[in-house]
Amino acid sequence: MKILFLDGTKGFYPNRINEKPTGGILTSLTHIPRLLVKAGHDVTVASTYKVNETVEGVKYVGDLIEKNVWDVVVFNRNFLDRDMVRFFKDSYKILWLHDVVDHRYFKDDAFTQVNHVIALSQYQADSYSDFYGLPMDSFSIIPNGVDKSVFYPGTEKRDRNLYVIGSAPIKGLFPVEFAFNNMRRLNPDFELRAYVGDSLHEISLTDSENKRIEVLKKSGVDFLPPIPQKDLADVFRSAWALLMPSHYPEQCSNILIQALACGLPVITSPIGSAPEYIVDCVNGRITKTTSSDWYWWWKQYAVACAETYQDTELHAFMSENAPKGILSWEDVGRKWNEMLQVHTCKEAV
């Protein structure tokens, strides 16, 4: 098949994942086209990377796109409107979701005119189906994967005093100060390393986010710039736990699955797709409450952090279980190829 990916996410270029901090959207836009090339497809990516070149078989284009030559057009994120649907009227159209439900994302009702929708989690499929009135049978659920040559458990001894954070501040930092101060009571040498900044998603931090970071710095949290994935994997293999103090509903958190693939237990809350990955005391800790129960949530989060630190047998059990069930990008590529074969054939019939 001749497949075109269309994306408007800032900061993309083909080798970014090897050179710069890279979030889930740009990581998947790097891997999936390459895997579909390996499966025998002719794949082109039109993105904010305005250079015409071929990398690992994928054609990257920065000029005008022909409209009648594509068997399949994949609209990434919310890069979709009626004009695009009309322009590619003879192609099989797929909407590839990455964001939370938000009425501001789509300019019009073009999302009702695609042939199929790819969701990253059951949570994402459920929320988009309900919010936009899309029938559930129009969805395939294909999560992101990890590069298992980079993210793997390793044999290094873990530093019990090191916890890490890697999510964007917009996704939540509220329980951190409370939990961190409690951990310092257990051990004054406890270290919380936060790889947090505005370089990961090319979005500037707000004044309120910067103020919260300053408060945490004064408490003793070590804030560092986000780092490339290979360096992050090294940290994950040495740390004791990943903190995801989210009040933001992740659709399929790349940092969560990358941490699990490294055998790093994740401490989080039951919002978004997190409960599809984390089973409490099996591969991580998940609070019973969320940010709607503000201070109770903080308390439960702090308790989960402390118990993970104190119970070394529980930690070993969670660490052993963490990588189980995490897909490789090759697994995800096969799911994409199967989806294309099944659904485009149905449409042809």
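Strand E2 (residues 42-46) is largely enclosed by the rest of the structure, because four of its five residues are buried. Buried here means under 20% relative accessible area with a 1.4 Å probe, protein chains only. Strands are DSSP runs of E with at least two residues, helices runs of H or I with at least four, and both are numbered from the N terminus.

The model is predicted: local features need pLDDT of at least 70, side-chain atom pairs count only at pLDDT 80 or more, and totals for chains, interfaces and linings use all residues. Numbering starts from 1 along each chain as its sequence is written, and side-chain values use heavy atoms, without hydrogens and water.

E2 has parallel partners. Strand E1 (residues 2-6) runs parallel to E2, joined by five bridges. Pairing requires at least two bridges found by DSSP. Leu4 faces Thr44 of E2. Strand E4 (residues 58-61) also pairs with E2 in the parallel sense, over three bridges. There, Ala46 has Val61 of E4 as its bridge partner.

Now the whole chain. It holds eleven helices and 14 strands. Its radius of gyration is 21 Å, close to the 20 Å that the globule rule gives for 349 residues, so the chain is as compact as a globular protein of that length. The radius is taken over C-alpha atoms, and the rule is 2.2 Å times the number of residues to the power 0.38. The C-alpha atoms fill a box of roughly 65 × 40 × 35 Å along the principal axes.

Of the 349 residues, 55% count as buried. Contacts (heavy atoms within 4.5 Å) between residues at least 6 apart in sequence join residues at least 24 apart in 66% of cases.

Definitions and conventions
Buried means under 20% relative accessible area, exposed over 50%, partly exposed in between (1.4 Å probe, protein chains only).
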